[in-house]
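Good morning, and thank you for making the time. I would like to walk you through one structure, moving from the overall fold to a few particular places, so please have the picture in view.

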Amino acid sequence: MSQSRDSGQTAAPASGGDTTRERILTAAMEEFARHGIAGARVDRIAKLARTSKERVYAYFRGKDALYADVAAREYVVIAEATQLDPSDLPGYAGRLFDYFVARPDHHRLITWGRLELPDTTAAADDPTQAAIARKVGQLRQAQQAGQLDPTWDPADVLALVNQIATTWAAQPEISKAAAAHAVDPTTTARRAAVVTAVEQLFPRAR
């Protein structure tokens, strides 16, 4: 495997401080969101980060390792920004909708990983899987407390709510058509549809 497609873990930096690493990660997020993993170029990332290609490889063994770090950080940011409340899943769906409306490039970043790295085996300490496990646990506790229909598997609940909340982010061509053909073409109407759909499936706890 070439150096640019190495999927190994993050390498220890040869020298320098965290500022350089942060610039690399910020530049990499922009590059991956725009071009995907295969289309991203380490030399462009280095230029945008105001460092050298060699320095990038001093911090990360390859593009896959760099993407994995960027994506893991993004999942943490999403979790902190949207905050799952298992007693109010419509509200959670609305927050997810808002997040990706404001940051469509972040949705593209995640989507590229799903398309290009579908067979990647998650590490035991993968923060993404840990965050998912926490949410499933929260949903299960809400079921036990009588706040959520217990006939649903909590993993299905999480998958369905996330899918509904990101419907428009995942289908920009339909979003464009809705702007021209929907009875109400506004983003507010699209958000209301998302929240209503989740409310009908998983009503707020009374």
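Predicted model: local features only at pLDDT ≥ 70, side-chain atom pairs only at ≥ 80, totals over all residues.

How many helices and how many strands does the secondary structure of the protein come to? It comes to 11 helices and 0 strands, where helices (H or I, at least four residues) and strands (E, at least two) are DSSP runs numbered from the N terminus. Residues are numbered from 1 along each chain as its sequence is written, and side-chain values use heavy atoms, with hydrogens and water left out.

Of the 206 residues of the protein, 38% count as buried, and by buried I mean under 20% relative accessible area, with exposed being over 50% and partly exposed in between, for a 1.4 Å probe and protein chains only. Taking contacts, meaning heavy atoms within 4.5 Å, between residues at least 6 apart in sequence, 70% join residues at least 24 apart.

Let me turn to a pair of helices. Two packed helices are described by the angle between their axes and the distance between the axes. The axes of helix 5 and helix 6 come within 4 Å and cross at roughly 100 degrees; these axes are lines fitted to C-alpha atoms, for helices over the stretch in contact, with angles running from 0 to 180 degrees between N-to-C directions. The two helices, helix 5 and helix 6, are therefore roughly perpendicular to each other, a label given to angles of 65 to 115 degrees, whereas under 35 counts as roughly parallel, over 145 as roughly antiparallel and the rest as oblique. On the helix 5 side we find Tyr99, Phe100, Val101 and Ala102, which meet Pro104, His106, His107 and Ile110 in helix 6, and the residues of this contact divide into 6 nonpolar, 2 polar and no charged. For that division, Ala, Val, Leu, Ile, Met, Phe, Trp, Tyr, Cys and Pro count as nonpolar, Asp, Glu, Lys and Arg as charged, and the others, Gly among them, as polar.

Most residues other than glycine have a negative phi, and most peptide bonds are trans. Arginine 50, in the loop between helix 2 (42–48) and helix 3 (53–59), has a positive phi near 60 degrees, and arginine 50 is exposed, with a relative accessible area of 62%. Glutamine 83, in the loop between helix 4 (63–82) and helix 5, also has a positive phi, near 50 degrees, but glutamine 83 is partly exposed, at 48%.

The C-alpha atoms of alanine 46 and alanine 27 are separated by 7.7 Å, although the two are 19 residues apart along the chain.

I will finish with glutamine 141 in helix 7 (residues 127–144), which counts as exposed at 54% relative accessibility. Glutamine 141 and proline 86 are 55 residues apart in sequence, and their C-alpha atoms are 8.5 Å apart in space.
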